[in-house]
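Colleague: Could you walk me through this one? I have a few quick questions.

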Amino acid sequence: MNTRIHDGIAAVPERRRAERRRGRRMAPGRLTPCVIRSAEEGDDIPGWVHNVSVWGVGLLSPRPAAAGDTLNVLLINAPHTFAFSVAVRVIRCYRVVNGDYFLGGQFAEPLRYDELLPFMV
């Protein structure tokens, strides 16, 4: 490889993505299930919680959802000792490598500390 080109590539500074979220995302320590229900379809879709924050959630779902859709999501902690239902507005949806869909959504109301804690222990 030409050393001038190689030196030019190495000199480009690495860009970091700006954090757009109001709250820090946390990935649960263990597999954390959820049940996703679309207002239009009404059937229960099993999913997984990828990350969660006070303001929103990242979910893995076998079905896509359109940005702007409102979903009712039953979040269940890993040991199955705590669960609650929350309304989530879909912000983004894209397909991931295994064929599932990553749904990034915002809660209608921010979570309280006592609602978030069972997913972090």
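Colleague: Leaving aside its neighbours within four places in sequence, which residues is Leu59 in contact with?

Modeller: Counting contact as heavy atoms within 4.5 Å, Leu59 is in contact with Cys34, Ile36, Trp48, Val49, His50, Val73, Tyr101, Phe102 and Leu103, once neighbours within four places in sequence are left aside. This is a predicted model, in which local features need pLDDT of at least 70, side-chain atom pairs count only at pLDDT 80 or more, and totals for chains, interfaces and linings use all residues. Residues are numbered from 1 along each chain as its sequence is written, and side-chain values use heavy atoms, with hydrogens and water left out.

Colleague: And how many residues are in the largest nonpolar core?

Modeller: That core has 21 residues, and Leu59, Val73, Leu75 and Phe107 have the most contacts inside it; a nonpolar core here is a set of buried (under 20% relative accessible area, 1.4 Å probe, protein chains only) Ala, Val, Leu, Ile, Met, Phe, Trp, Tyr and Cys residues joined through side-chain atoms within 4.5 Å.

Colleague: Which element gives the most to this core?

Modeller: β5 does, with 4 residues, where strands are DSSP runs of E of at least two residues, numbered from the N terminus.

Colleague: Changing topic, is Leu31 buried or exposed?

Modeller: Leu31 is exposed (over 50%), with a relative accessible area of 65%, and touches Trp48 and Ala78, not counting residues up to four places away in sequence.

Colleague: What about His80, where is it found?

Modeller: His80 is found in the loop between β4 (70-76) and β5 (83-95), and has a positive phi of about 60 degrees although it is not a glycine. Most residues other than glycine have a negative phi.
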